[in-house]
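The sequence and the structure are shown first, and the description follows.

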Amino acid sequence: MADNRITKARLKNHWTYGWWKYLIMVVLVVMSVNVGFSVTAYKPSEEHRIEVYLCQGWADAEQFQADFWPALQEAAPDQEELTVMNIDLTSDDIYANMQFSTYVAAQQNDMCLLPRSEVKKLAEDEAWSAFAELTPYIESGALEPGEVSFSGLTFTNEEGGEGIFAIPTDTLYGLTKYGIDPADGALVVMSFSGNEENTVKLLQLIIDACATEKPEGYDEWHAQRKANQSGASQIFK
């Protein structure tokens, strides 16, 4: 008759040579739980969430999100999520440009703060295929950009006329709070946004909050930032 007794010696031998089986089992269980959670976790639908990319240099995306999320909830109570990401398109980082191109191709964002050169590049052929035209919102009063110059930021619309597709940020000095230099930047709503009206509301909130007087020392900071464009990012103080 086989001796199947459990002894200390047998347990020690089992754990010595068979521990990896239990490790694999634990890893598989954890992975299964994570995958299951990711698949079943609640995700707001397109019309209830907004995703913003800050691409005009380095930006404190976390603070930006924390500041504007309460204001957005008040302006649009049906909104469930605001996500803000920083993708620096002003550097020589090839990965950042690849990341931005991938996200845009996947059509997963609603608003961008872009270098003006990037706006012109994306709007070069058919501006409406990249950005939502903002002219109707401005004419209806739903969007009030203030006294700004749209020179270089108007493009031919689908009807063959001239349309406004971007809001210049040059005078939105409040953006410096987040380490963003407003010079030569523009805010755009993406044409593929599934939440365009609420994104325009957020755009207005940003304009209202950031249309401040030029901070003392801004010109020096701007010049220093331009001189160190490819170096370490600096936060305006």
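In this predicted model, the largest nonpolar core has 32 residues, and L54, L202 and L203 are the members that touch the most others. The elements that contribute two or more residues to this core are β1, α2, β2, β3 (111-115), β7 and α7 (196-210). Helix α7 gives the most, with 6 residues. Apart from residues up to four places away in sequence, L54 touches A59, A61, F64, V84, M85, N86, I87, L113 and I180. As a general background, nonpolar side chains in soluble globular proteins tend to be buried together.

**The sheet**

In what order do the strands of the open sheet lie? The sheet has 5 strands in the order β2-β1-β3-β7-β6, and its pairing is mixed. Strands β2 and β6 form the edges, since each of them pairs on one side only.

At one end of this order, strand β1 (residues 49-54) pairs with strand β2 (residues 81-86) in the parallel sense, over 6 bridges. Within this pairing, Y53 has M85 of β2 as its bridge partner. Together with helix α2 (residues 61-75), strands β1 and β2 make a β-α-β unit that is right-handed.

Strand β7 pairs in the antiparallel sense with β3, over 5 bridges, and L114 has its bridge partner A186 in β7. Strands β6 and β7 also run antiparallel, joined by 2 bridges. There, P168 has A186 of β7 as its bridge partner, while I167 stands opposite L187 in β7.

How many of the residues of β7 are buried? The count is 5 of its 5 residues, and the strand is mostly covered. In a regular strand the side chains alternate between the two faces of the sheet. In β7 both faces are covered: G185, L187 and V189 are buried on one side, and A186 and V188 are buried on the other.

Helix α2 contains E62. With a relative accessible area of 69%, E62 is exposed, because this value is over the 50% cut-off. E62 and V84 are 22 residues apart in sequence, and their C-alpha atoms are 7.0 Å apart in space.

**Aromatic pairs**

The structure holds 7 aromatic pairs. One of them joins Y53 and Y103, whose ring centres are 5.5 Å apart and whose planes meet at 45°, so the pair is tilted. This pair links distant parts of the chain, with Y53 in strand β1 and Y103 in helix α3 (residues 94-105), 50 residues apart. Another tilted pair is formed by F68 and Y178, at 6.3 Å centre to centre and 45° between the planes. F68 lies in helix α2 and Y178 in the loop between β6 (167-168) and β7 (185-189), so this pair ties together parts that are 110 residues apart in sequence. Ring pairs also bring F64 into the picture, linking F64, F68 and Y178 into a cluster.

The structure holds 0 disulfides. For C55, the nearest cysteine sulfur is that of C112, at 4.9 Å, and C55 is in no disulfide.

**Burial of the ring and cysteine residues**

The table lists the relative accessible area of residues named in the two preceding sections.

| Residue | Relative accessible area | State |
|---|---|---|
| Y53 | 0% | buried |
| F68 | 4% | buried |
| Y178 | 4% | buried |
| C55 | 0% | buried |
| C112 | 0% | buried |

Y53 therefore counts as buried, with its relative accessible area of 0% under the 20% cut-off. F68, buried at 4%, belongs to helix α2, the helix of the right-handed unit with β1 and β2.

Key: Residues numbered from 1 in each chain as written. Predicted model: local features only at pLDDT ≥ 70, side-chain atom pairs only at ≥ 80, totals over all residues. Heavy atoms only, no water. Pairing = 2+ DSSP bridges. Helix = DSSP H or I, 4+ residues; strand = E, 2+ residues; numbered from the N terminus. Right-handed = clockwise from strand over helix to strand, strands pointing away. Phe/Tyr/Trp six-rings, centres within 6.5 Å; stacked < 30°, edge-to-face > 60°. Buried < 20%, exposed > 50% of the residue type's maximum accessible area, 1.4 Å probe, protein only. Core = buried A, V, L, I, M, F, W, Y, C linked by side-chain atoms within 4.5 Å. Contact = heavy atoms within 4.5 Å. Disulfide = S-S within 2.5 Å.
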